[in-house]
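Please read this note with the model open beside you, and check each point against the coordinates as you go.

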Amino acid sequence: MHSLFSHKVTLDKMKNILESVRVSAVTEEIELQNIIAQILSDNSIPFAKEYRLGPRNRIDFFIPDIGIGIEVKKGKPHYRQVYQQLCRYCNFDNLMGIILVVERNLTGIPAEINNKPCVVIGLNRLWGIAI
């Protein structure tokens, strides 16, 4: 198993790639997912979409080579529901870190869940989406 530190470096690279993109306002979550799929492809990052971590636990994207998951939410999701979902995902051994991409910034998500790094990227804060 790789150390948390080596995945932290990789997680930072993924965060930088996702933060560098600018998008217009979107109407459906699938649009955000398609944009992220294109970003990953453009950067030659292999990924699985709608990856099944376990029963009733599908993360939007999983980068198997490094164990990083990406969960995408449109609008401003309910904190408790999203946090509980991230906690469930972080219980899986093959997930080494997670990035939450939300259209409207969601504060309060910890930087670590179950000893795994967690990064939140708020599109309206970083990318200038007009809501």
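1. On the basis of the note. This is a predicted model, in which local features need pLDDT of at least 70 and side-chain atom pairs count only at pLDDT 80 or more, while totals for chains, interfaces and linings use all residues. Residues are numbered from 1 along each chain as its sequence is written, and side-chain values use heavy atoms, with hydrogens and water left out.

2. On confidence. The protein chain has an average pLDDT of 84, and 83% of the residues score at least 70; pLDDT is the predictor's confidence in each residue, from 0 to 100. Residues 1-9 stay under 50, and the model gives them 11 contacts beyond four places in sequence, a contact being heavy atoms within 4.5 Å. Residues 127-131 are also below 50 in pLDDT, with 19 contacts beyond near neighbours in sequence.

3. The structure holds three salt bridges, where the term stands for a side-chain nitrogen of Lys or Arg within 4 Å of a carboxyl oxygen of Asp or Glu. One of them joins Lys15 to Glu19, with 3.0 Å between the closest N and O atoms. Lys15 and Glu19 are separated by about one helical turn because they stand four residues apart in helix H1 (residues 4-19); helices (H or I, at least four residues) and strands (E, at least two) are DSSP runs, numbered from the N terminus. Lys15 is partly exposed at 25% relative accessibility, and Glu19 is partly exposed at 21%, given that buried means under 20% relative accessible area, exposed over 50%, and partly exposed in between (1.4 Å probe, protein chains only).

4. On the other two salt bridges. Glu71 and Lys73 form a salt bridge whose closest N and O atoms are 3.3 Å apart, and both of these residues are buried. The side chains of Glu103 and Lys74 also meet in a salt bridge, at 3.0 Å from N to O. This pair links distant parts of the chain, 29 residues apart, with Glu103 in the loop between strand S4 (97-102) and strand S5 (112-113), and Lys74 in the loop between strand S3 (68-73) and helix H3 (79-89).

5. On the aromatic pairs. The count comes to three aromatic pairs; rings of Phe, Tyr and Trp (its six-membered ring) pair if their centres lie within 6.5 Å, and planes under 30 degrees apart count as stacked, over 60 as edge-to-face and the rest as tilted. The pair of Phe47 and Phe61 is edge-to-face, because the ring centres are 5.5 Å apart and the planes stand at 65°. Phe47 is partly exposed at 27% relative accessibility, while Phe61 is buried at 0%. Tyr51 and Phe62 form a stacked pair, with 4.3 Å from centre to centre and 15° between the planes. Tyr51 lies in strand S1 and Phe62 in strand S2, so this pair ties together parts that are 11 residues apart in sequence.

6. S1 and S2 pair in the antiparallel sense over five bridges, and two strands pair if DSSP finds at least two bridges between them. The bridge partner of Tyr51 in S2 is Ile59. S1 and S2 form a hairpin with two residues between them, and Arg56 in the turn has a positive phi of about 60°.
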